[in-house]
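User: Take me through the labels on this model. I want each one set against its cut-off.

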Amino acid sequence: DDSGNATSCNFNVSLVDNTAPAITCSANIIQSNDLGACNAAVTVPALVTSDNCGIASIVNDFNGTADASGTYPVGTTTVTWTVTDISGNVSTCSFDVTVNDDELPVVACTIDITQGSDLGTCDGTVAIAPLVATDNCAIASVSNDFNGTADASGVYPPGTTTVTWSVTDIHGNVTACSFDVTILDTEAPSLTCAGD
């Protein structure tokens, strides 16, 4: 005051960071499976982010790290980024990694079959071994166009019948192959001679 007496007091000024980190989320990724595998090694670019004060952590829910690259299964995996700044503000964003199964089933096709007709008939009963087929993921169905089943065995007519196998994997990829079943009439006619 004007007599020289002084009193002082203090107050605090607190600056609160309420600004969440800025994120430029990863673009969706689509790629084919690795050869012979039901998955794919996927490289995910580093997340682009910034903050007015500073970033404390970047993590994704696919592998729990700041690098979302890794081996992804066939199908679509949604990955979520979580970015936390030094003040505890959080931003999240998500992107999809889609791995397509573009690999066809592998088939060891049945070899052509030739045999004689059954005794007393023109047809032939043919036993055909099961088709050998493999796939990088899994086989959904095996069928043939002779009887519509996974077993092409049956009674075949005389002549040549072309049989086509169709093998479908669990993702709809189809491989087809064909073989011939030939039934030969090797039975001589029966003959009864007239008596003298």
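Analyst: Start with burial. Trp 165 and Phe 179 are both buried. Buried means under 20% relative accessible area, exposed means over 50%, and partly exposed lies in between (1.4 Å probe, protein chains only). This is a predicted model: local features need pLDDT of at least 70 and side-chain atom pairs pLDDT 80 or more, while totals for chains, interfaces and linings use all residues. Residues are numbered from 1 along each chain as its sequence is written, and side-chain values use heavy atoms, leaving out hydrogens and water.

User: How many aromatic pairs are there by this rule?

Analyst: The count is 4. Rings of Phe, Tyr and Trp (its six-membered ring) pair if their centres lie within 6.5 Å. Planes under 30 degrees apart are stacked, over 60 edge-to-face, the rest tilted.

User: What makes the pair of Phe 62 and Tyr 72 stacked?

Analyst: The centres are 3.9 Å apart and the planes are at 10°. The partners are 10 residues apart: Phe 62 sits in the loop between strands E5 (55-60) and E6 (70-73), and Tyr 72 in E6. Strands (E, at least two residues) and helices (H or I, at least four) are DSSP runs, numbered from the N terminus.

User: Why does Phe 62 count as partly exposed?

Analyst: Its relative accessibility is 30%, so Phe 62 is partly exposed. Tyr 72 is buried, because its value is 0%.

User: Why is the pair of Trp 165 and Phe 179 called stacked?

Analyst: The ring centres are 6.3 Å apart and the planes stand at 25°, so the label holds. Trp 165 is in strand E15 (residues 159-169) and Phe 179 in strand E16 (residues 174-184), 14 residues apart.

User: What makes Thr 77 buried?

Analyst: Thr 77 has a relative accessible area of 17%, so it is buried. Thr 77 lies in strand E7 (residues 75-85). Contact means heavy atoms within 4.5 Å. Beyond neighbours within four places in sequence, Thr 77 is in contact with Phe 62, Tyr 72, Phe 95, Asp 96 and Val 97.

User: Which are the edge strands of the open sheet of 4 strands?

Analyst: The order is E10-E16-E15-E13, with mixed pairing. E10 (113-116) and E13 (139-144) are the edges, as each pairs on one side only. Two strands pair if DSSP finds at least two bridges between them. E13 and E15 have 5, in the antiparallel sense, including the bridge between Ser 141 and Thr 168.

User: How do the side chains alternate along strand E3?

Analyst: In E3 (residues 39-42), Ala 40 and Val 42 point to one face and are buried. Ala 41, at 48% relative accessibility, is partly exposed. E3 pairs with E6, antiparallel, over 4 bridges.

User: Which residues touch the most other members of the largest nonpolar core?

Analyst: Val 42, Val 44 and Tyr 72 do, out of 16 residues. A nonpolar core is a set of buried Ala, Val, Leu, Ile, Met, Phe, Trp, Tyr and Cys residues joined through side-chain atoms within 4.5 Å. E3, E7 and strand E8 (90-100) each supply at least two residues. E8 gives the most, with 4. Another core lies apart from this one, with 13 residues, among them Trp 165 and Phe 179.
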